[in-house]
Amino acid sequence: MTVPQISLNNGVSVPQVGLGVFQVPDDSTQVTVEKALELGYRHVDTAAGYYNEAGVGAAVRASGLPREELFVTTKLRNGDQGYESALRAFEDSRRALGLDVVDLYLIHWPVPSKDLYVETWRAFEKLYAEGAVRAIGVSNFLPDHLDRLLAESEVVPAVNQIEIHPTYRQPATVESGLRHGIVPEAYSPLGRGQDLEAAAVTAVATELGITPAQVVLRWHVQHGAIVIPKSVNPERMATNIDLFSFDLSDDHMAQIDALHRDDARIASDPATAAFTQFRS
Ligand code: A2P
């Protein structure tokens with residue numbers, strides 16, 4: 001299965017579909033990621049705050065795949081924001097992953113109450129300038145956080161990874177990034193499974209003879225988002241990447257777009273989230 005690549009604003013290419021490993025336990029991450037790589041995944045999304053970077057790195061090494069064929073994203077924990085602490089935390093992530101170069105490094109949450117994300121971004125710019133990371137970006141940034149970062153920094157983030165799924169599309173945040181060439185990256189793209197039961201989704205699935213997850217993931221792909229569905233089940237992993245032999249019509253897209261509700265957010269509110277992500 002070959003997945004198309006999306007070109008980021010610095011020319012780096014990323015496979016449009018990747019495997020998310022949020023909440024995959026450390027001790028089963030290696031086997032999960034190895035299976036995904038066997039099935040054709042070439043993009044894995046982890047985070048320091050998921051405590052499974054070591055399993056991702058072990059799977060990458062065990063796969064024997066050439067490093068340049070793989071795209072690995074990790075993220076800075078909230079409690080590590082700040083210039084020096086971000087540089088130290090990056091070294092910890094790089095060591096845990098066992099990689100010389102990380103493909104994409106993200107500020108996991110803006111944590112506006114700490115007011116450190118601009119300073120943290122300076123450290124990201126340094127890592128980027130040194131070639132330790134191929135691209136830098138943000139996650140959970142709302143339009144006002146993006147505006148401030150753009151006003152006070154040099155490097156424009158390559159992506160903004162945010163919660164996007166049919167019932168919670170965040171159109172204003174997606175648009176505010178796209179205006180600056182920031183690619184939307186959808187986390188919880190299936191609404192953690194909940195959006196698969198929506199009538200509009202199951203109707204399109206029946207009509208096209210595909211699964212509800214394929215409908216939702218194809219909807220993301222046609223909107224131009226990078227998408228990182230999480231699954232530990234090999235059959236679901238395989239169908240989640242099998243998205244390129246069918247199309248949704250404009251009508252299908254509109255029916256799924258119409259599922260949006262402003263109150264359907266599943267994850268924390270980026271305007272207020274301030275947890276440290278340190279494991280106790
Ligand atoms: P599992 O890991 O057992 O497959 P999201 O990516 O939006 O966070 O959704 C992840 C959730 O959706 C997980 O509970 C995952 O369970 C489930 N899931 C992933 N892929 C599919 C699929 N193709 N069909 C049904 N459920 C899925």
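How far apart are the mean positions of the positive and negative charges of the protein? The 23 positive and 37 negative charges have mean positions 5 Å apart. Here Lys and Arg count as positive and Asp and Glu as negative, with His and the chain ends not counted; each charge is placed at NZ of Lys, CZ of Arg, CG of Asp or CD of Glu.

## About the model

This is a predicted model, in which local features need pLDDT of at least 70, side-chain atom pairs count only at pLDDT 80 or more, and totals for chains, interfaces and linings use all residues. Residues are numbered from 1 along each chain as its sequence is written, and side-chain values use heavy atoms, with hydrogens and water left out.

## Overall build

Let's start with the whole chain. The protein has 10 helices and 10 strands, taken as DSSP runs numbered from the N terminus (helices: H or I, at least four residues; strands: E, at least two). Its C-alpha atoms fill a box of roughly 55 × 40 × 40 Å along the principal axes.

Of the 280 residues, 55% are buried, meaning under 20% relative accessible area with a 1.4 Å probe, protein chains only. Among contacts (heavy atoms within 4.5 Å) with a separation of 6 or more, 75% link residues 24 or more positions apart.

## The parallel sheet

Next comes an open sheet of 8 strands, paired in parallel in the order β3-β4-β5-β6-β7-β8-β9-β10. Its edges are β3 (19–20) and β10 (226–227), each pairing on one side only. Two strands pair if DSSP finds at least two bridges between them.

On one side, β6 (residues 102–107) pairs with β7 over 5 bridges, and Leu106 stands opposite Gly137. Strand β8 (residues 159–163) is joined to β7 by 2 bridges, with Ser139 opposite Gln161.

## Helix α2 and its cover

Which residues of helix α2 (residues 53–63) are buried? They are Glu53, Gly55, Val56, Gly57, Ala58, Ala59 and Val60. Their cover includes α1 (26–39), β4 (43–45), β5 (71–76) and α3 (83–97). Just after α2, Gly64 takes a positive phi of about 70°.

Definitions and conventions: Buried < 20%, exposed > 50% of the residue type's maximum accessible area, 1.4 Å probe, protein only.
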